[in-house]
Amino acid sequence: MDRAAAGIPGAALTTIGYGEYDPATGCLRYACAGHPPPLLVTDHHAEFLGGGRSRPLGAAAGPRPEAATDVPPGSLLLWYSDGLVERRDADLDVGLARLAAAAARLDGTHPRTWCDGVVRELTGGDRLHDDVVLICLRLQSQEAEAAVPPAVPLADDGRPALPRSRSGPVRQRR
């Protein structure tokens, strides 16, 4: 990433967060280069993942650290930009505490609802001086994913069931 940032005009000191979740093992591997730490919420308990931290892209030499944590099934992972938590008139720790408190109160099953609620609570409709990005992900185990019905109905042979035309067979135009 450092080499890529060096070749992109304006990308010096870019921050980035990266994560890989393995639903088979429940392991989340992650790294943050100058980016705020991801927030993991399990059973209404919010915890910032402080491992795998390093300086922004282009400001570090050598390999970057990464961290790993076991994630209980159904946990919520929030990745966000600093614009969500930083305010010119308040300490960064205040913004992080507000985020953790808002995230710990989240209920429901739809990530969009979580994102909307967190952004609404942290911005309060105020005009901000920085961009705000928030991604909310529900981390499910492989067993839990298997219990979710497929989005596309399957035929008896396991292949996607294609809708049939009411007017007869589909003809190819020449």
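Residues are numbered from 1 along each chain as its sequence is written, and side-chain values use heavy atoms, with hydrogens and water left out. Because the model is predicted, local features need pLDDT of at least 70 and side-chain atom pairs count only at pLDDT 80 or more, while totals for chains, interfaces and linings use all residues.

**Helix α4**

Helix α4 comprises 13 residues (111–123) and spans 18 Å from its first C-alpha to its last, close to the 18 Å expected at 1.5 Å a residue, where the expected span is 1.5 Å times one less than the number of residues. Helices (H or I, at least four residues) and strands (E, at least two) are DSSP runs, numbered from the N terminus. The buried residues of α4 are Trp114, Cys115, Val118, Leu122 and Thr123. They lie on the same side of α4 because they cover an arc of only 130° around the axis, the arc being that of the directions from the helix axis to the C-beta atoms. On the other side of α4, Arg112 and Arg120 are exposed. Buried here means under 20% relative accessible area, exposed over 50%, and partly exposed in between, with a 1.4 Å probe and protein chains only. The buried residues of α4 pack against β7 (75–80), α2 (82–85), α3 (92–104) and β8 (134–139), with contact defined as heavy atoms within 4.5 Å. After α4 comes glycine 124, which has a positive phi near 55°.

**Cysteines and serine 141**

The structure holds zero disulfides, a disulfide being a pair of cysteine sulfur atoms within 2.5 Å. Cysteine 115 is accordingly in no disulfide, and the nearest cysteine sulfur, that of cysteine 136, is 3.0 Å away.

| Residue | Relative accessibility |
|---|---|
| Cysteine 32 | 1% |
| Serine 141 | 11% |
| Cysteine 115 | 17% |

Serine 141 is located in the loop between β8 and α5 (142–147), where serine 141 touches Tyr21, Pro23 and Pro73, not counting residues up to four places away in sequence.

**Strands β1 and β2**

Strand β1 (residues 16–22) pairs with strand β2 (residues 27–33) in the antiparallel sense over seven bridges; two strands pair if DSSP finds at least two bridges between them. Within this pairing, glycine 17 stands opposite cysteine 32 in β2. The hairpin of β1 and β2 has four residues between the strands, and glycine 26 in this hairpin takes a positive phi near 75°.
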